[in-house]
Amino acid sequence: MNKATQLRAALAASLTEDGTLTKPEWSSAARAVPRELFTGSYFRAVAGSVPTTYRPVREGEPGWLEGVYSDETLITQLDGRTRPDDVAGGAVPGSPSSSSTLPSLVLRMWQQLGAKTGHRVLEIGTGTGYSTALGAHRLGDANLTSIEYDPVVGGAAAAALKMAGFAPRLIIGDGLRGDPDGGPYDRLIATCSVRYLPLPWLHQVRPGGKILVTLSGWGYASALALLDVTGPGQAMGRFLPGYTSFMIARPHDRPPRPSLALLPGEERPSQIDPAKLDDWTGGWVAQLAAPSAERMGAGAEQILWDVSTGSQARTAPDAGGGWNVVQRGPVRLWDRVERAVRRWQAAGEPHQEEFGITVSAAGQRVWLGTEDGPGWDLPI
């Protein structure tokens, strides 16, 4: 048994022991798919660097294979163009734009999707191809189609899949449009996040099928939802336990931000602790309430900037132990956030698994508790 096989078996055993791998067929896939073929080189963040810089780790270097078989997300592209082999030496700045997601998350999501033998599955976001290979191993090449937006990323994934012995149907294109030529599908799984459910998905998954997708936004909060398609363009689902985040699909990402000047505005006491926005679900509730706002800052000093209108809100501690907020512009961002967070607090600050989502011709609505409970419309 070579070193890669040993490390792969050890990773699968670890994921079985911690409860991630519960299905024998996915354990078999984890032991069979050589992740090193899909992450020949990757970036590691340089500890303590501000802004964050990334050092390439290349195939064959000391620790490279151990990194491949760690349960970590491996960054494979920066800024939509820079790959590890493009860097001559040293560390470089940038924003991650493609990655090989940590194996535990990928395998957990495949299990949550509930795809069975004979199901046809559409994967949105091929990425490195590792997740695609796991799906092809379990379902067979003929039952899996994967779409990748970036042609360079998609080309590398296609080569790696071929080398690993898999041949699913691969498409280079906008995954948010789905695969109009390949439906209907029994399942759809997205390995990128979106601000709302793209309507083509809801017509390409058959009634009775399922969609597993991470909803996120410009507040950098995320939640994983499993939806049952109830009819063409219609679905209902719940958000799942745990903590899941993915890079946002590029067409759903915020536009470039201009230089942001914090300007005077109307000041008043805040009715909530701004640090509630640092809570996993609290920040997500705030994002639901102000979906076109980007969130910056942390703790008592939060900054919200509305991408659509330029409206601003910023908080700061006051001398009496409370907090003040300054708001400016046509959208009173903090007013919206306060109302949403207070509703969530009144319900006992539950995790996202207490929320659900309904999609219909009338819109897309996230709700708390029951479908007739407090809710927020997604920004279609």
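The legends below walk through several close-up views of this predicted model.

Because the model is predicted, local features are described only at pLDDT of at least 70 and side-chain atom pairs only at pLDDT 80 or more, while totals for chains, interfaces and linings use all residues. Residues are numbered from 1 along each chain as its sequence is written, and side-chain values use heavy atoms, with hydrogens and water left out.

**View 1. Helix α8 sits inside the structure, with 9 of its 10 residues buried.** Helices here are DSSP runs of H or I with at least four residues, strands are runs of E with at least two, and both are numbered from the N terminus. Buried means under 20% relative accessible area, exposed over 50%, and partly exposed anything in between (1.4 Å probe, protein chains only). Among the buried ones are Trp-284, Val-285 and Leu-288, along with Gly-282 and Gly-283. Look at the N-terminal end for the cap: a side-chain oxygen of Asp-279 lies 2.9 Å from the backbone nitrogen of Thr-281.

**View 2. The largest nonpolar core has 50 residues.** A nonpolar core is a set of buried Ala, Val, Leu, Ile, Met, Phe, Trp, Tyr and Cys residues joined through side-chain atoms within 4.5 Å. The members touching the most others are Trp-201, Ile-211, Phe-239, Trp-284, Val-337, Phe-355 and Ile-357. Helix α9 (residues 333-346) supplies the largest share of this core, 6 residues. Another core lies apart from it, made of 40 residues, including Leu-11, Leu-65, Val-68 and Leu-240. As a bit of background, nonpolar side chains in soluble globular proteins tend to be buried together.

**View 3. Val-337 and its surroundings.** Contact here means heavy atoms within 4.5 Å. Skip residues up to four places away in sequence, and Val-337 touches Ile-272, Leu-277, Ala-286, Ala-289, Ala-290 and Leu-304. Of these, Ala-286 and Ala-289 are buried residues of α8.

**View 4. Strand β7 is buried on both faces.** All 5 of the 5 residues in β7 (residues 144-148) are buried, so the strand is largely enclosed by the rest of the structure. Leu-144, Ser-146 and Glu-148 are on one side, with Thr-145 and Ile-147 on the other. Strands count as paired if DSSP finds at least two bridges between them. β6 (residues 121-124) runs parallel to β7, joined by 4 bridges, and Val-121 has Leu-144 as its bridge partner. β8 (residues 169-172) also pairs with β7 in the parallel sense, over 4 bridges, with Ile-147 standing opposite Ile-171.

**View 5. Two right-handed β-α-β units share strand β7.** A crossover is right-handed if, with the strands pointing away from the viewer, the path from the first strand over the helix to the second runs clockwise. One unit goes from β6 through helix α5 (residues 130-139) to β7. The other goes from β7 through helix α6 (residues 151-164) to β8.

View 6. β15 (residues 301-306) and β16 (residues 312-317) pair over 3 bridges, and Ile-303 stands opposite Arg-314.

**View 7. His-351 and Glu-349 in the loop between α9 and β18.** His-351 is buried, at 16% relative accessible area. One polar atom of the His-351 side chain lies 2.9 Å from the backbone oxygen of Gly-242. That's a polar contact: a pair of N or O atoms within 3.5 Å, where within protein one must be able to donate a hydrogen and the other to accept it, and residues adjacent in sequence count only if both atoms are side-chain atoms. Beyond its neighbours within four places in sequence, His-351 contacts residues including Tyr-243, Trp-280 and Thr-281. Glu-349 is partly exposed, at 31%, and has a positive phi of about 55° although it is not a glycine.
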